[in-house]
Amino acid sequence: MTRDRPRPDWATIPNLITVVRMVLIGPVCWLLYDGGPDPLSVILLLVWASTDWVDGLLARVLDQTSRTGAIIDPIADRLGLGAIVLTLALTGLLPWAALIVIFVVDLATTVLASRAALGGRIGVSALGKIRTFVLMAAVFLLATAAAWFPAALPAVQAFLWLGVLLHVITGVGYVRGALAAGAPPSPR
């Protein structure tokens, strides 16, 4: 006789895909750095980036949203994006100033908003999703342009700066939301 036991919160297909995204960070960065972007590294980067969309879609379609997924998905995004932009900066494709801004915003957001996010008091905003898409697209386009269309690099770098601006705006929004969520109620 088998008993129906509820599935643990972490045991979902979307969470498995998020873990795969984390595992892919190393090979993607190595291939991007070792000899610069080439077709194989660009394809693997596309696979890495698409897993962010795929895990979210499957979570909704399969009704497998989870608290674990809500925590590890943005961690996978930040770790991967941070490692990949560092790699592209090391190859000379990404301006160091953009990397520094992304890092400072991520650090400030982690320090000032992670407790509220982990406690479920703030969630991913629509602008945060747009920001992530723009930054991931810009990173992918930087590698693609370097591999196949070097003349497009200045336009792609301008698009990257749009993503950096959205990153700053979103980071400020998360910190403000976290501070408001943690603030004591005002006296009446």
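This is a predicted model: local features need pLDDT of at least 70, side-chain atom pairs count only at pLDDT 80 or more; totals for chains, interfaces and linings use all residues.
View 1. T87 touches C29, L32 and Y33, leaving out residues up to four places away in sequence. The residue belongs to helix α3. Is T87 buried or exposed? T87 counts as buried because its relative accessibility is 7%, and the cut-off for buried is under 20%.

**View 2. Contacts of I84.** When its neighbours within four places in sequence are set aside, I84 is in contact with V28, C29, L32, L45, W48 and V139. C29 and L32 are among these contacts of I84, and C29 and L32 are also touched by T87.

**View 3. The largest nonpolar core.** This core has 31 residues. Which of them touch the most other members? They are W48, I84, L88, L94 and L160. Two or more residues each come from α1 (13-33), α2 (39-61), α3 (67-90), α4 (96-118), α5 (126-148) and α6 (153-182). Helix α5 gives the largest share, seven residues. In soluble globular proteins, nonpolar side chains tend to be buried together.

**View 4. A152 in the loop between α5 and α6.** A152 has a relative accessible area of 30% and is therefore partly exposed. How many residues along the chain lie between the positions of A152 and S50, and what separates their C-alpha atoms? A152 and S50 are 102 residues apart along the chain, and their C-alpha atoms are separated by 22 Å.

Notes. Residues are numbered from 1 along each chain as its sequence is written. Side-chain values use heavy atoms; hydrogens and water are left out. A nonpolar core is a set of buried Ala, Val, Leu, Ile, Met, Phe, Trp, Tyr and Cys residues joined through side-chain atoms within 4.5 Å. Buried means under 20% relative accessible area, exposed over 50%, partly exposed in between (1.4 Å probe, protein chains only). Helices (H or I, at least four residues) and strands (E, at least two) are DSSP runs, numbered from the N terminus. Contact means heavy atoms within 4.5 Å.
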